[in-house]
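Please keep the sequence at hand while reading.

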Amino acid sequence: MSTMTLHRPIPQARQASTLRLTRRGRLVVLLLALGIVLGVGFALASGSVATQEAGTPEPTRVVMVGAGDTLWDIAADVDPEGDTRSTMEEISRLNALDSSMVTVGQQLIVPDE
């Protein structure tokens with residue numbers, strides 16, 4: 001009888017990294033990264049769109065919502081010859097509305113054209 005022996009390759013151990021950060025080193029790296037992120041954020045936010053000159057305010061008036069009124073009806077009354085959808089969007093923008101829902105007695109700022 002012959003006996004065969006199998007030879008398996010021996011896995012080689014990985015060489016340990018020579019760079020080790022202490023607690024203070026990790027803190028320095030963290031603060032440096034935070035400083036870079038904040039610096040980039042401030043640089044991007046520094047571009048202001050405001051000017052020194054006052055603009056001309058839009059001519060507006062206040063309308064009270066009556067029973068059965070919808071935003072579409074109000075927009076159509078404000079600008080009967082214009083595009084009702086764009087007038088609705090303008091009213092929504094002027095009043096910071098989240099939806100087209102209006103309630104009886106609500107006062108809306110509308111463009112005065």
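Predicted model: local features only at pLDDT ≥ 70, side-chain atom pairs only at ≥ 80, totals over all residues.

Residues are numbered from 1 along each chain as its sequence is written, and side-chain values use heavy atoms, leaving out hydrogens and water.

**Nonpolar core**
- The largest nonpolar core has 12 residues, among them V63, L71, M88, L97 and V110.
- Such a core is a set of buried Ala, Val, Leu, Ile, Met, Phe, Trp, Tyr and Cys residues joined through side-chain atoms within 4.5 Å.
- Two or more residues of this core come from each of α2 (71-78), α3 and β2 (107-111), and α2 gives the most, with 4 residues.
- Helices (H or I, at least four residues) and strands (E, at least two) are DSSP runs, numbered from the N terminus.
- V63 is in contact (heavy atoms within 4.5 Å) with Q106, Q107, L108 and V110, leaving aside neighbours within four places in sequence.

**T87**
- T87 lies in helix α3, which covers residues 84-95.
- T87 has a relative accessible area of 6%, so T87 is buried.
- Buried means under 20% relative accessible area, exposed over 50%, and partly exposed in between, with a 1.4 Å probe and protein chains only.
- Not counting residues up to four places away in sequence, T87 touches A75, V78 and D79.

**A96**
- A96 sits in the loop between α3 and β2.
- A96 is not a glycine, yet has a positive phi of about 50°.
- A96 counts as exposed because its relative accessibility is 64%.
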